Amino acid sequence: ERSRMEMEEGGSRGAKRRGCTFQKNDFFPEESFKSWGNYGKALRETPWRFKDRVMTRSKDETEVVEMKGRSGNEMKKTLNSWDLIWFGIGAVIGSGIFVITGLEAREVAGPAVVLSYVASGISALLSVFCYTEFAVEIPVAGGSFAYLRVELGDFVAFMAAGNILLEYVIGGATISRSWTSYFATLCNHHPDEFRIIVPNMNPDYGHLDPIAVVALIAIATLAMCSTKASSLFNNIATILHCLVIVFVIVAGLINANPQNLTPFAPFGARGVFKASAVLFFAYLGFDAVATMAEETKNPARDIPIGLVGSMTITTLVYCLLSLTLCLVQSYKEIDVDAPFSVAFNAVGWDWAKYIVALGALKGMTTVLLVTIVGESRYLTHISRTHMMPPWFGHVDDKTGTPVNATIAMLTATSVVAFFTNFRVLSNLLSISTLLIFMLVAVALLVRRYYSSGVTTKENQVKFVVCLVLIFGASCGVSAYWANSDGIIGYVICVPLWVLGTGGLWLGVPMAKKPKVWGVPLVPWLPALSIFINIFLLGSIDLDSYIRFGVWTLLLLLYYALVGLHASYDTAKDFESLSNITTNQVHDQDLNHVEQGLQTQKATT
């Protein structure tokens with residue numbers, strides 16, 4: 001009843017509002033920001049508010065029903081399993097294979113880049129299982145942000161949210177700049193001929209890319225118009241893209257030279273896993289499909305088919321394409337900007353580069369489309385909690401899409417794409433992606449093995465000890481891999497990981513089981529996902545971690561000054577509303593009982 005009242009209230013407030021309109025209290029309506037005195041008081045209470053938010057976990061029904069009421073209008077449920085499969089394929093194939101495969105094959109892994117795709121694909125598939133269970137039971141636009149709020153609390157969810165948004169901004173910027181590279185190839189020009197070169201400026205930031213910005217604006221406009229129209233466009237473009245992929249594989253095998261695979265791993269196993277950590281970027285996109293759960297007709301059936309099906313197909317295609325590239329051309333000669341087009345040109349199939357470039361453009365266009373759709377829905381749900389201003393959470397009443405959030409994310413992505421080279425971006429992107437996937441796996445273990453009021457103190461202690469063993473062993477293997485060529489570290493850490501996972505399996509009873517669809521082999525698969533993600537994090541360079549540290553400090557500063565107080569006030573206001581509603585329902589029940597007794601007495 002309370003949820004229905006909130007939805008009706010939100011609808012009445014926003015029913016005639018369109019995107020990019022402003023009303024009073026759209027940005028900072030909370031009590032803490034109504035005066036400088038209130039804000040000063042809020043800052044003084046920061047430690048207590050922080051403790052409250054860290055310890056507070058949301059509920060499934062809060063995310064599924066009550067949060068949606070804060071957007072004013074509901075998103076339209078128009079998607080089915082086929083839409084999700086095509087969205088998944090369209091979201092993923094194109095981002096990595098046409099952007100950074102050439103760079104990693106030439107400079108990091110050599111022909112063994114195919115093994116890098118296998119390793120990152122296995123890790124991504126494990127993460128897909130975790131995402132799928134959550135998306136079925138919590139089908140909302142917030143994706144991993146909502147899942148982490150339910151299981152790990154507000155603070156962890158916010159830090160994850162900041163990295164999710166960073167992940168999408170960097171991903172969109174990287175792909176849009178590569179879009180320019182392939183467009184230039186299609187036009188028989190070098191990519192820098194389509195960019196504005198600023199003299200005496202760092203080349204990582206001084207090659208300005210206006211075409212990337214134009215491409216982003218055009219695709220974002222489609223995303224704002226209609227989710228179903230975006231889905232239809234994605235389906236058609238992805239089918240055409242798949243035909244091009246088949247052509248690339250067949251034509252590549254015709255021109256294959258097995259000698260190009262020798263040496264297969266010139267940079268050794270370390271190069272394979274270092275490339276794998278970066279190539280995780282290639283799997284960015286499937287989590288965007290999870291954010292479409294709120295717009296899916298039958299989440300319990302459609303989401304598992306859409307997510308698992310698209311990721312399985314994607315991993316197979318990536319392995320085939322990367323192997324084909326290395327068969328056609330020696331890894332030392334692979335072009336880092338447009339690897340497939342230049343490879344066909346090198347073997348005398350100059351005409352084929354146009355087909356490849358056109359297919360790559362189609363692929364990257366669908367990736368950008370799903371990226372924009374996904375990032376705007378993340379921001380929408382984050383804004384529903386008021387960790388970001390609620391203006392971003394408004395859903396347009398006519399299109400049924402989050403127009404404000406789309407425009408905001410488009411602006412941020414365009415600024416980064418205009419200035420920054422994707423070599424600077426890819427490693428930083430992988431840190432954010434791997435961190436989020438690891439946290440979702442942890443959240444799944446918490447969901448299965450810890451439930452307030454159900455899990456005993458003894459089992460809570462066992463669960464924490466097992467989780468520490470899993471984490472510690474994973475970090476130990478990652479650190480040892482990064483700093484040593486021996487085996488003693490693995491001999492110590494791997495048995496500890498097995499001990500932690502086995503102890504959880506045998507010694508801690510599950511507190512909750514999935515209602516519809518669940519990850520198989522729990523806790524082994526989520527624990528393996530944690531292990532692989534942490535291991536790959538250890539393969540990323542120090543400079544990327546420094547950039548990541550700066551971003552994390554900015555997130556903490558924003559949370560301490562704004563996000564904490566806005567979400568705290570909103571939560572307390574909602575608790576007060578809940579108590580009032582509960583009391584009203586209780587009073588109504590008492591009145592019904594009294595009326596019944598009076599009626600019975602009068603009849604007697």
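Here are a few notes on one helix pair and some aromatic rings in this predicted model.

1. Some housekeeping: residues count from 1 along each chain as its sequence is written, and side-chain values use heavy atoms, without hydrogens or water. Local features need pLDDT of at least 70 and side-chain atom pairs 80 or more, while totals for chains, interfaces and linings use all residues.

2. Start with helix α8 (residues 144-151) and helix α9 (residues 154-186), whose axes come within 7 Å and cross at roughly 165 degrees. That makes α8 roughly antiparallel to α9 (the label for angles over 145 degrees). Helices here are DSSP runs of H or I with at least four residues, and axes are lines fitted to C-alpha atoms over the stretch in contact, with angles from 0 to 180 degrees between N-to-C directions.

3. Where do the rings of Y131 and F437 sit relative to each other? Their centres are 5.8 Å apart and their planes at 85 degrees, so the pair is edge-to-face. (Rings of Phe, Tyr and Trp, the last by its six-membered ring, pair with centres within 6.5 Å; planes under 30 degrees apart are stacked, over 60 edge-to-face, the rest tilted.) Y131 is in helix α7 (residues 113-137) and F437 in helix α18 (residues 422-449), so the pair ties together parts 306 residues apart in sequence.

4. Y558 belongs to helix α22 (residues 542-603), 400 residues from F158.

Key: Helix = DSSP H or I, 4+ residues; strand = E, 2+ residues; numbered from the N terminus. Parallel < 35°, antiparallel > 145°, perpendicular 65-115°, else oblique.
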